[in-house]
Amino acid sequence: MTTVGLIGSGNIGGTVARLAVAAGHDVVLSNSRGPETLKDLVDELGPRARAATPAEAAAAGDLVVVTIPLRAYRDVPAGPLAGKVVIDTNNYYPDRDGRFPELDDESTTTSELLQRHLPGSRVVKGFNNIYFEHLRALARPSGAEDRTALPIAGDDPAAKATVSAFLDSLGYEAVDVGPLAEGWRFQRDTTAYAGLYAADGDWTRPVPVDAERLRAALAAARRYADS
Ligand SMILES: NC(=O)c1ccc[n+]([C@@H]2O[C@H](COP(=O)([O-])OP(=O)(O)OC[C@H]3O[C@@H](n4cnc5c(N)ncnc54)[C@H](OP(=O)(O)O)[C@@H]3O)[C@@H](O)[C@H]2O)c1
């Protein structure tokens, strides 16, 4: 059992929190507007959940999930996250986030930006390539035949092992894609991005994706400039 800190408690943060509580973890939720605005979600989640500020959620978590619009990544409190494993769900949508030249020219990746902002933390990219409703729907216990695989990337093997175990507890198999620099393989608009988990492009029909199929999609991924 783990205490999961959430910086961001929207579509993905709320879904990870629901899966985490269902798996027996405790969660500390946070957002930009303040803990009082998370009362409904805390009430729904029950005694394993509480709401706090981002700094408090960061300090409380054994594992912390950063799940906010990328444009706000510099707001993530670095001090209380020092020494911790941080899962980064963030994706780059220029229409929402504004332009990041270093992402546009592909000289870095989103999770490397967060890692640079959190030099004392061990960032693992995860939960980026699945629509939140599919994330909720496709969770299956270990050993289920229709279990779904999700990619992770990170520079620290022990941190990736921690995140793999966390994903396993939530109902997913982790596929290690390599270091953070390889995270582009499941960024927006690649073959391994969210449409992979929608049956025949129908987003109302989530479809399980096993590790073999995910690996094939990751291997076929092309950088924006090459696609
Ligand atoms: N939606 C998906 O299916 C999906 C799938 C995979 C990855 N992602 C990525 O995951 C990230 C989160 O997506 P989402 O759909 O969950 O977004 P969302 O529903 O808009 O939720 C964003 C959350 O971040 C909080 N937030 C915003 N600025 C913040 C700040 N400066 N400090 C602390 N919290 C802040 C928001 O709080 P307030 O409401 O109080 O501002 C809200 O709780 C995005 O980068 C997205 O691209 C999304």
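Burial, contacts and backbone in a predicted model

Colleague: Why is Arg48 called partly exposed?

Modeller: Arg48 has 19 other C-beta atoms within 10 Å. A residue is buried at 20 or more and exposed at 12 or fewer, so with 19 Arg48 falls in between and is partly exposed. The model is a predicted one.

Colleague: Where is the place of Arg48, and what is Arg48 in contact with?

Modeller: Arg48 sits in the loop between α2 (39-45) and β3 (49-51). Leaving aside neighbours within four places in sequence, the contacts of Arg48 are Val21, Asp26 and Val27. Thr190 is 142 residues away from Arg48 along the chain, and their C-alpha atoms are separated by 36 Å.

Colleague: What does Val27 touch?

Modeller: Not counting residues up to four places away in sequence, Val27 touches Val4, Leu6, Ala17, Ala20, Val21, Leu45, Arg48 and Ala49. Val27 is also listed with Leu6, Leu29, Val64, Val66 and Val163 as the residues with the most contacts inside the largest nonpolar core, which has 62 residues.

Colleague: How do you know that the span of helix α1 agrees with its number of residues?

Modeller: Helix α1 covers residues 11-22, which is twelve residues. The expected span is 1.5 Å times one less than the number of residues, so α1 should span 16 Å. The end C-alpha atoms of α1 are 17 Å apart, which agrees.

Colleague: Which residues of α1 are buried, and what follows α1?

Modeller: The buried residues of α1 are Ile12, Gly13, Gly14, Thr15, Val16, Ala17, Leu19 and Ala20. After α1 comes Gly24, with a positive phi near 95°.

Colleague: What does α1 give to the shell around the ligand?

Modeller: Three residues, and α1 gives the most to that shell. There are 24 residues around the ligand, and Gly8, Gly10, Asn11, Asn31 and Arg33 come nearest. By kind, the shell divides into ten nonpolar, twelve polar and two charged residues.

Colleague: What makes α6 largely enclosed by the rest of the structure?

Modeller: Six of the eight residues of α6 are buried, so the helix is largely enclosed. These are Thr110, Ser111, Glu112, Leu113, Leu114 and Gln115. What covers them includes β4 (63-66), β5 (85-88), α5, β6 (122-125) and β7.

Colleague: How do you know that the buried residues of α9 are on the same side?

Modeller: In helix α9 (residues 211-220), the buried residues are Leu214, Ala217 and Leu218. They cover an arc of only 100° around the axis, which puts them on the same side of α9. Glu212, Ala219 and Ala220 are exposed on the other side of α9. The buried residues of α9 pack against β7 (148-154) and β8 (172-176).

Colleague: What makes Asp95 count as exposed?

Modeller: Asp95 has 6 C-beta neighbours inside 10 Å. The cut-off for exposed is 12 or fewer, so Asp95 counts as exposed. Asp95 lies in helix α4 (residues 94-97). From C-alpha to C-alpha, Asp95 and Leu6 are 24 Å apart in space, and they are 89 residues apart in sequence.

Colleague: Why does Asp189 count as exposed?

Modeller: Asp189 has 12 C-beta neighbours inside 10 Å. Exposed means 12 or fewer, so Asp189 counts as exposed. Asp189 lies in the loop between β8 and β9 (198-199).

Colleague: What is the phi of Asp189?

Modeller: Asp189 has a positive phi of about 70°, although it is not a glycine. Most residues other than glycine have a negative phi. Glu106 is not a glycine and has a positive phi of about 60°.

Colleague: Where is the place of Glu106, and why is Glu106 partly exposed?

Modeller: Glu106 is in the loop between α5 (101-104) and α6 (110-117). Glu106 has 13 other C-beta atoms within 10 Å.

Colleague: What makes Glu182 count as partly exposed?

Modeller: Glu182 has 18 C-beta neighbours inside 10 Å. Buried needs 20 or more and exposed 12 or fewer, so Glu182 counts as partly exposed. The loop between β8 and β9 holds Glu182.

Colleague: How do you know that Glu182 is in contact with residues beyond its neighbours in sequence?

Modeller: A contact is counted when C-beta atoms lie within 7 Å. Leaving aside neighbours within four places in sequence, Ala153 and Val177 are in contact with Glu182. The C-alpha atoms of Glu182 and Ala153 are separated by 6.8 Å, and the two residues are 29 residues apart along the chain.

Conventions: Residues are numbered from 1 along each chain as its sequence is written. This is a predicted model: local features need pLDDT of at least 70, side-chain atom pairs count only at pLDDT 80 or more; totals for chains, interfaces and linings use all residues. Helices (H or I, at least four residues) and strands (E, at least two) are DSSP runs, numbered from the N terminus. A residue is near a molecule or strand if its C-beta atom, placed from the backbone, lies within 6 Å of it. Ala, Val, Leu, Ile, Met, Phe, Trp, Tyr, Cys and Pro count as nonpolar, Asp, Glu, Lys and Arg as charged, and the others, Gly among them, as polar. A nonpolar core is a set of buried Ala, Val, Leu, Ile, Met, Phe, Trp, Tyr and Cys residues joined through C-beta atoms within 7 Å. Two residues are in contact if their C-beta atoms, placed from the backbone, lie within 7 Å. The arc is that of the directions from the helix axis to the C-beta atoms.
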